[in-house]
Every structure is written in C-alpha cells, then in structure tokens.
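Please look over the sequence and the fold before reading on.

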Amino acid sequence: MDSKEKIPFGVWFMWFVAASFITYMFLLQTSVSVMIPNLMRDFDIDTLGMGLLSSSFFYPYIVFQVPAGILIDWYKPKRVMTIAILLCAVGTLIFTISDNVWIAAFGRAITGFGAGASVAGALYVGLRRFPPSRFAMIAGASEMLGMFGGAAGQVEVCIAVAVRIAEVSTTTC
C-alpha cells in the first residue's frame, strides 16, 4: 500500500478498536491509585499490602507482553485480543466483587495478563494494515489513546469513588 493511497475505513476502525484496548488497559492500570484509602480500609491492609495489591497487575502484565506478541503473530490480533479483553473484564469483575485482598489481587493479576496483549495488538494492526510511512503516526496515536486512558482512570474513577462514598454516607446516616 502506497503512503498516498486512501486507507479504508475498516482499517482505521480495526486499529481504533485495538488502540482502545490500550486506553482501557491504562485506565485499569492507574485506577487503583485513587482508591488507595478505600482499599486499605476495606481490606484492612497497610502500605505494604497496598503495594502488593497494586503490583499484582504489573507483574503478569510485564511477563505476558512478549508471549502475547508471539501469540498475536501466530493467531492474529482478533483472536488473541478478544481473549485478552475478556480476561481483563473477568479480572476486573473479580477485583470489583472481592471482599478478600488475595482474591482482589488474583483479579488484578488476571487483568494484568489480559492487558499484556494491548500494545502488541494495536502495533501489529498498525504495522500490518497501514503503509510503513504511517507506522510512527499510528504508534504515537496508540500511545496518546493510552495516556488518555491513564488520565481518565484518575478522573473517572475518582468521581465514581466520591459518588459511592456519598451514597454510602447518605444511606447509613
């Protein structure tokens, strides 16, 4: 594909879906930071426990990035990213409904495994579906969407936590 050719809408859509997974991943990565006081209170943990809970996402995420890239090369992004997004959703659900810190950490770990495929998937689509002259722009736009997710993870989750605290305090008074 020549860099001057018009890129079909379907290709842009495919990349946007893949890059949106990066947004979701960064949102999940950063969201715990605004819940620290609540999590420490609810799980009755100290700062060490909070660090372990928070890092339970990152270790699987780091470890799974290379295997995720290999799986994406073998099975293509659609299959691998579908499973990865489902893992993120299941892990987030487990984290959300858990009343035990170890179960919450398990949920975060599952989420981390799933999130490991996010960047590799979006970059794979960018590399395979766009002209080589557009790869840097696609990589930069993918990273931009990821950072947007990180910022949204701070703001949106902070609002949700504040609303939840307000609901609890009005119903218990």
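**A walk through the helices and their side chains**

Phe-9 and Phe-13 are four residues apart in helix α1, so about one helical turn separates them. Helices here are DSSP runs of H or I with at least four residues, strands are runs of E with at least two, and both are numbered from the N terminus. The model is a predicted one, in which local features need pLDDT of at least 70 and side-chain atom pairs count only at pLDDT 80 or more, whereas totals for chains, interfaces and linings use all residues. Residues are numbered from 1 along each chain as its sequence is written, and side-chain values use heavy atoms, with hydrogens and water left out.

A pair of aromatic rings is described by the distance of the centres and the angle of the planes. Rings of Phe, Tyr and Trp (for Trp, the six-membered ring) are taken as a pair if their centres lie within 6.5 Å, and the pair is called stacked when the planes are under 30 degrees apart, edge-to-face when they are over 60, and tilted for the rest. The structure holds eight aromatic pairs. In the case of Phe-9 and Phe-13, the ring centres are 6.1 Å apart and the planes stand at 25°, so this pair is stacked. With a relative accessible area of 65%, Phe-9 is exposed, while Phe-13, at 47%, is partly exposed; these words stand for under 20% relative accessible area (buried), over 50% (exposed) and the range in between (partly exposed), with a 1.4 Å probe and protein chains only. One aromatic cluster is formed by Trp-12, Trp-15, Phe-16 and Phe-130.

Thr-23 also has its place in helix α1, which covers residues 9-31. Its relative accessibility is 16%, and Thr-23 therefore counts as buried. Which residues does Thr-23 contact, leaving aside its neighbours within four places in sequence? They are Leu-145, Gly-146, Phe-148 and Gly-149, where a contact means heavy atoms within 4.5 Å.

Charged side chains supply the next group of features. A salt bridge is counted when a side-chain nitrogen of Lys or Arg is within 4 Å of a carboxyl oxygen of Asp or Glu, and by this rule the count comes to one. The partners are Asp-42 and Arg-41, whose closest N and O atoms are 3.2 Å apart. Asp-42 is exposed, with a relative accessible area of 52%, and Arg-41 counts as exposed at 55%. Arg-108 lies over the face of Phe-95, at 6.0 Å from the ring centre; for such an arrangement, NZ of Lys or CZ of Arg has to be within 6 Å of the ring centre and within 35 degrees of the ring normal.

Backbone angles deserve a separate look. Most residues other than glycine have a negative phi, and most peptide bonds are trans. Asp-44, although not a glycine, has a positive phi of about 50°. This residue lies in the loop between α2 (36-43) and α3, and at 71% relative accessibility Asp-44 counts as exposed. Lys-76 is not a glycine either, and has a positive phi of about 75°; Lys-76 is found in helix α3 and is partly exposed, with a relative accessible area of 43%.

Helix α3 spans residues 47-97 and also holds Tyr-75, which counts as partly exposed at 43% relative accessibility. Together with Val-66, Ile-70 and Trp-74, Tyr-75 makes a nonpolar surface patch of about 460 Å². Patches are made of residues with over 30% relative accessible area and no salt bridge, like charges being joined within 9 Å and nonpolar side chains (Val, Leu, Ile, Met, Phe, Trp, Tyr) within 5 Å. Lys-78 has its place in helix α3 as well and counts as exposed at 71% relative accessibility. The C-alpha atoms of Lys-78 and Met-144 are separated by 22 Å, the two residues being 66 apart along the chain.

For the protein as a whole, there are six helices and zero strands. Its C-alpha trace spans about 65 × 30 × 20 Å along the principal axes, and 41% of the 173 residues count as buried. Among the contacts with a separation of 6 or more, 79% are between residues 24 or more positions apart.

Notes:
Areas by Shrake-Rupley, 256 points an atom, 1.4 Å probe, with all protein chains shown as cover.
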